[in-house]
Structures are given as C-alpha cells and as structure tokens.
Amino acid sequence: MPLGTTRGLVKGLLESESSKMCGSEFRLCFNPEFLREGKAIEDTLNPDRIVIGAINERSGRLPMEFYRSFYSDKPPQTLNMNPVNAELIKYANMLARLCEKLLGTDVNVVMEGIGWISA
C-alpha cells in the first residue's frame with residue numbers, strides 16, 4: 001500500500017464514515033507483518049520483531065497488550081512508531097527480501113547506494 005495510506009486515506013475514511021475523531025474516539029494503527037513465503041506459521045509464532053505504527057500513544061496500547069499476552073513466555077522486540085515509519089519499514093523489509101532472492105545482490109550495497117547506510 002502507498003506510504004501515508006494509514007494517516008491519509010484510512011484515517012479520513014474512518015472519521016468520515018463514523019463521525020468520530022481518530023485517536024480520541026477510536027484507535028488506529030498500522031501493524032505490518034513480516035511473513036516469508038511458506039513460513040507464515042513459523043514467522044507468526046516466532047517473529048524477530050513487532051512493529052506498531054500508532055496514530056498516538058493511546059492507539060498503540062491495545063496491540064501492545066495483545067502481543068504481551070500472546071507471546072507471554074518469550075515476547076519479541078517491539079518497536080513503536082508513527083504509521084508512516086511503519087509503512088516504510090514494510091517497504092524496506094520487502095527490499096531486503098528481494099535482495100536475498102536476486103543472485104549477486106548485496107542488501108548492504110543497495111542500502112549504501114540509496115543513502116540508508118554509510119560505507
């Protein structure tokens with residue numbers, strides 16, 4: 001989905017259709033999944049991280065509570081941020097996975113080339 005969709009399109013539609021204000025009258029988060037093809041169950045049960053892109057702190061509390069109860073014995077690293085950063089992380093993860101599949105591709109070289117890391 002295009003960057004900014006959560007805060008732009010989704011938030012606007014929900015507010016318009018419900019006549020409620022996002023953040024105070026309802027909560028909104030973007031919670032990307034990082035599932036590998038053929039490994040969905042394994043990746044769901046053993047994620048290396050959880051990303052929660054919440055409109056505000058209140059909106060991020062409910063998913064945090066859910067993940068704490070779901071992974072009670074071994075909670076994964078949880079990253080809290082705004083929705084557009086969470087959306088961008090999904091794209092960056094897709095780029096890394098693409099680099100893993102393309103023969104001769106080095107994700108570190110690609111990241112350096114787009115200015116995300118220094119040599």
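1. Two strands are taken as paired if DSSP finds at least two bridges between them. The model is a predicted one, and in it S1 and S2 run antiparallel, joined by 2 bridges. Within this pairing, Cys29 stands opposite Ala54 of S2.

2. On S2 there is also a parallel pairing: 5 bridges join S2 to strand S3 (residues 77–81). In this pairing, Ile50 has Thr78 of S3 as its bridge partner. From S2 the chain passes through helix H3 (residues 57–70) to reach S3, and this β-α-β crossover is right-handed.

3. Strand S2 (residues 49–54) is largely enclosed by the rest of the structure, because 6 of its 6 residues are buried. The burial applies to both faces of S2: Arg49, Val51 and Gly53 are buried on one side, and Ile50, Ile52 and Ala54 on the other.

4. Phe26 lies in the loop between helix H1 (6–18) and strand S1 (29–30). Is this residue, Phe26, buried or exposed? Phe26 counts as buried because its relative accessibility is 16%, and the cut-off for buried is under 20%.

5. With neighbours within four places in sequence left aside, the contacts of Phe26 are Leu14, Glu15, Ser18, Lys20, Met21 and Arg58. As for Arg49, its C-alpha is 25 Å from that of Phe26, and the two residues are 23 apart in sequence.

Note on methods:
Residues are numbered from 1 along each chain as its sequence is written. This is a predicted model: local features need pLDDT of at least 70, side-chain atom pairs count only at pLDDT 80 or more; totals for chains, interfaces and linings use all residues. Side-chain values use heavy atoms; hydrogens and water are left out. Helices (H or I, at least four residues) and strands (E, at least two) are DSSP runs, numbered from the N terminus. Buried means under 20% relative accessible area, exposed over 50%, partly exposed in between (1.4 Å probe, protein chains only). Contact means heavy atoms within 4.5 Å. A crossover is right-handed if, with the strands pointing away from the viewer, the path from the first strand over the helix to the second runs clockwise.
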